[in-house]
Amino acid sequence: MAKRKTVWEDCDILVVGGGMAGTGAAYEARYWGRDMRIICAEKANIDRSGAVAQGLYAINCYMGMQWDENQPEDHVRYARNDLMGLVREDLAFDMARHVDSAVHKFEEWGLPIMRNEETGRYQREGKWQIMIHVRVINQLLLRQLVIQ
Ligand SMILES: Cc1cc2nc3c(=O)[nH]c(=O)nc-3n(C[C@H](O)[C@H](O)[C@H](O)COP(=O)(O)OP(=O)(O)OC[C@H]3O[C@@H](n4cnc5c(N)ncnc54)[C@H](O)[C@@H]3O)c2cc1C
């Protein structure tokens, strides 16, 4: 059995897992808690952690509110039907109303998002997905954490 070493660290906020959710939570924690000591603990290698480490070809959910493509109510309706009513509609609504600004932030940070040449809008595949160029997306979040 490999030897284990225990390291004790104090922190104000402990984020467990360095996938998209964890690095996103760590980013938000740093943004709102400037003076706090935040630790993001990942059991694998944080440079390529989480399901996104294999690279994504799409962002599965973008409303397109700026072009009135979808509104949060549409996404709640979709989730309600898809999950046969077993959905926290308040959370689905909240996620839907914030998701576009998160995508815009990723684009600002350098994520290449494909655009439709005729309309200039993000290239869609289906109703909700937009197409991106494969990239380790949580690396962008980690880089922003370092910059902060
Ligand atoms: C093959 C595949 C393709 C996908 N393609 C797309 C796509 O194109 N577009 C899209 O939008 N979504 C896609 N998804 C979905 C998307 O990747 C996931 O929804 C998202 O990455 C989930 O993020 P997460 O942080 O919740 O979980 P994860 O990415 O699974 O992160 C959890 C992290 O926690 C760590 N961890 C677990 N337990 C512990 C512990 N006890 N201590 C410390 N660390 C721990 C794990 O090592 C892992 O790094 C895809 C998923 C898969 C599997």
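This is a predicted model: local features need pLDDT of at least 70, side-chain atom pairs count only at pLDDT 80 or more; totals for chains, interfaces and linings use all residues.
The protein has 148 residues, with four helices and five strands.

**The overall picture**

- Along its principal axes, the C-alpha trace spans about 55 × 35 × 35 Å.
- Of the 148 residues, 32% count as buried.
- The protein exposes about 10,000 Å², and carbon and sulfur atoms supply 53% of that area.
- Take the contacts between residues at least 6 apart in sequence: 64% of them join residues at least 24 apart.

**Two domains**

- Where the domains touch, seven residues of domain 1 are in contact with four residues of domain 2.
- Ala53 sits in the loop between β2 (38-41) and β3, and Ala53 is partly exposed, with a relative accessible area of 25%.
- Ala53 and Ile132 are 79 residues apart along the chain, and 15 Å separate their C-alpha atoms.

**Around the ligand**

- The ligand has 19 residues around it, and Ala21, Glu42, Gly50, Ala51 and Ala58 come nearest.
- Sorted by class, that shell has ten nonpolar, seven polar and two charged residues.
- Helix α1 (20-32) and strand β3 (58-59) each supply at least two residues of the shell.
- Two backbones come up to ligand oxygen atoms: a backbone N or O atom of Met20 lies 3.1 Å from one oxygen atom of the ligand, and for Gly50 the distance from a backbone N or O atom to a ligand oxygen is 2.9 Å.
- Ala58 also takes part, with a polar backbone atom 2.6 Å from a nitrogen atom of the ligand.
- On its own the ligand has 1,000 Å² of accessible area, and the protein covers 54% of it.

**A buried histidine**

- His75 is found in helix α2 (residues 72-82).
- Is His75 buried or exposed? His75 has a relative accessible area of 9%, so it counts as buried, the cut-off being under 20%.
- Leaving aside residues up to four places away in sequence, His75 touches Cys61, Met63, Met95, Ala96 and Trp128.

**Two loop residues with positive phi**

- Asp68 is not a glycine, yet its phi is positive, at about 55°.
- You can find Asp68 in the loop between β3 and α2, where it counts as exposed at 57% relative accessibility.
- Met84 is another residue other than glycine with a positive phi, near 50°.
- The loop that holds Met84 runs between α2 and α3 (89-108), and Met84 is exposed, with a relative accessible area of 75%.

Technical notes:
Residues are numbered from 1 along each chain as its sequence is written. Side-chain values use heavy atoms; hydrogens and water are left out. A residue is near a molecule or strand if one of its heavy atoms lies within 4 Å of it. A polar contact is a pair of N or O atoms within 3.5 Å; within protein, one must be able to donate a hydrogen and the other to accept it, and residues adjacent in sequence count only if both atoms are side-chain atoms. Accessible areas come from the Shrake-Rupley method with a 1.4 Å probe; for residues, only the protein chains shown count as cover. Ala, Val, Leu, Ile, Met, Phe, Trp, Tyr, Cys and Pro count as nonpolar, Asp, Glu, Lys and Arg as charged, and the others, Gly among them, as polar. Buried means under 20% relative accessible area, exposed over 50%, partly exposed in between (1.4 Å probe, protein chains only). Contact means heavy atoms within 4.5 Å.
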